[in-house]
Amino acid sequence: PDGDAPDYLARLNPEQRAAIETTDGPLLVLAGAGTGKTRVLTTRFAHILLSGRARPNQILAVTFTNKAAREMRERIGALLGAPVEGLWLGTFHSLCARMLRRHAEYVGLSSSFTILDTDDQIRLLKQVIEPRRIDTKRWPPQGIMGVIQRWKDRGLTPQRVSKAEDSDFADGKCREIYADYQKRLIQLNACDFGDLMLHMTEIMRTHPDVLAQYHRFFRYILVDEYQDTNTIQYLWLRLLAQRGEGPANICCVGDDDQSIYSWRGAEVENILRFERDFPGAHVVRLERNYRSTRQILGAASGLIAHNEERLGKTLHPGREDAEGEKVRVISVWDSDDEARMVGEELERLHNDGHPLSECAILVRAGFQTRAFEERLITIGLPYRVVGGLRFYERAEIRDALAYMRVLSQPSDDLAFERIINVPRRGIGNTGLQKLHLHARARDIPLTAAVLEMLAAGQIKGRAREHLAALMKCFGQCREDLPREGHVVVVERLLEESGYLDMWKADKSPDAPGRLDNLKELVRALADFESLGGFLEHVALVMETEENAGNERLSIMTLHGAKGLEFDTVFLPGWEEGVFPSQRTLDEGGAKGLEEERRLAYVGITRARLRAIISHAANRRIYGNWQSAIPSRFVEELPPEYVHATGDATRARHNAAMRSPVFGATPFPVVARRRAVVDVTTSDTPARKTAFPIGTRVFHQKFGYGTVTSVEGNRLEVAFEKAGPKRVIDTFVEQVS
Ligand code: ATP
Ligand code: MG
């Protein structure tokens, strides 16, 4: 019979073919990593077209990222032998935006509505909160925004939020704030990201004619990465798929073991609901993994077996030829060593003719990329940071660098302009214009212009107070610089200018990551003799042009790597507190840990031929050295699939030789202790120092010492070697 099958089907296994040829009726493909789920979906798309069941624009296909959508479009084009136009293929949000433009008037918008970015959202929300006399220290707008977004994820319009839902948060006023915020958005002819799905779902719920139109229109629905859909996405899909007459032609593919977005409201339960909501649904299981070698598969399967909440799936190697190398687990001394090891491995692979585009470094958290980026630049291997910015291009890093540049060079107008109103200091566009005029008229830098205008009383109100404080802070820091050294002074500058506090008060999900990046920046600073030397280094690093075409390796987060595959995958930082993340450990509970383990599973299963896991014995996190414990996930890998090596002794020697701070002294072992103010969970940004007088602390530059006095967040510490110093509490660690 295979002889009759079209070419594109002949290359698939019987289960995959069944999943493609069962075109009508609801279908769920539940299968492990690399079993060809995405390939099935793509081929199914082509099959529907080629068998004449629908025209290209009658198929609705949902991918998880825009990148995945692009890839699927290309694959479909290749299968059909020609590019196709007008496809309804994209992410939930992009598809909804396109629909909403056609029906905007049903929710009071016009079709030219704008989609707000996060900054605009918060600004608008603040306007709504203002008249309500809410203690914004206790209930920061970002927190309220979080509540609203979770409601939107669950498909709750303000009218649908029950009174019981409105907890104590923001004095029980969240619901009315939400209603007002939505009203304001409509007045502005705008919507936020969450609204795209919310409005569209609401329109289809309340306007049967619109829904009927889509029912006539979309004959087939295809969904990738189904395990990570949230409630509103599910509702949206169900509305579109349940078409009164005939069965719903919806095909969802997913893997419960790769559900890694519950923190964004994803519900694995949607997998279980599928069979209930779509009676007669077929469930196809694919069990052959065609991506990875037997060794990689064995390691990944052994790891994920430690999770209890699983639907249970079997996974066999599909490539009988590919026994492969064991998964390597390498222990290194510290993160610089880790970066050097990865760099050496990459050079070797590159010299052996392996394309760099087939290699990836997958990190748990954004701050980890810096060490690799610097190493790769040093050895001249081109890379790209996928789904994110290169370390020194990130907004918070550029801000902090701008502060440093003004500190080192008060006439750096560009840097000063970047930070004059970050955090907000009440300087508007007109204020800035006046400042420029003054500076130009007098032919002086902006900072000097500020001082003159302050002295002449030409700056008024809130701006006056803030700018005076900022200038005083810069002045004091510049004076302290020769005596106290660049590390401490920069720490103080970031703290006292209010810059760090801006991020600490920010409750958006990416704020903790930004704080980690800032601490990583200070860590990098400590490796240099002077501020000027560091700034020069950064300028050089930033200058390296990206002109290597596609021959570049990828650095990205594990979350961003979902669905992708590479020949070689590096998985660094497998240490307790990095991966699983400190936040997960602090929260306790099995749920979070299982999600981290699924993330590890996603990581390993990205590799076709080689997976190289590493962990460092020491890590400078939150600005300080910590001795690190290998991740529990390392121990959970079945030993028969693992080859463990470690040359921490050699590394230790190297590290001691090159460390300007510690010389040959052994690295201190510092107790694991979290930052003073828990930036992720505390409701009150009010500062409370956790270092009473007499506490023994460790500072990365001055070593050990004892707290002798406390003044807000400033500590006087008698350091054993360096003598008495004033330091900011964020940058010291308690030692037990
Ligand atoms: P993930 O869960 O990671 O998203 P997936 O189930 O979507 O994985 P695919 O990316 O579709 O898996 O496929 C994994 C790899 O296996 C791809 O390189 C794909 O081309 C290949 N593959 C899939 N099916 C077959 C097959 N029948 N024969 C040969 N190779 C296959
Ligand atoms: Mg896939």
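A residue is taken to be near a molecule if its C-beta atom, placed from the backbone, lies within 6 Å of that molecule. In this predicted model, 18 residues surround ligand 1, and the closest are Gly-36, Lys-37, Thr-38, Arg-39 and Tyr-290. Helix H3, which covers residues 37–50, supplies three residues, the largest share of this shell. By residue class, the shell comprises nine polar, five charged and four nonpolar residues.

The protein chain as a whole contains 28 helices and 24 strands, and its C-alpha trace spans about 85 × 65 × 50 Å along the principal axes. Its radius of gyration is 28 Å, which agrees with the value near 27 Å that a compact globule of 736 residues would have. Of these 736 residues, 43% are buried.

Among the strands, five form an open sheet with antiparallel pairing, in the order E23-E22-E21-E20-E24. Strand E23 (723–728) and strand E24 (732–734) lie at the edges of the sheet and have a single partner strand each, so that one side of each is left without a neighbour there. On average, and with direction ignored, neighbouring strands of this sheet are turned by 40 degrees against each other. Within the sheet, strand E20 (residues 696–699) pairs with strand E21 (residues 703–711) in the antiparallel sense over four bridges, and His-699 stands opposite Gly-703 in E21.

Key: Residues numbered from 1 in each chain as written. Chains lettered and ligands numbered in written order. Predicted model: local features only at pLDDT ≥ 70, side-chain atom pairs only at ≥ 80, totals over all residues. Helix = DSSP H or I, 4+ residues; strand = E, 2+ residues; numbered from the N terminus. Nonpolar A, V, L, I, M, F, W, Y, C, P; charged D, E, K, R; others polar. Pairing = 2+ DSSP bridges. Axes fitted to C-alpha atoms, helices over the stretch in contact; angles between N-to-C directions. Rg over C-alpha atoms; globule rule 2.2 N^0.38 Å. Buried ≥ 20, exposed ≤ 12 C-beta atoms within 10 Å, placed from the backbone.
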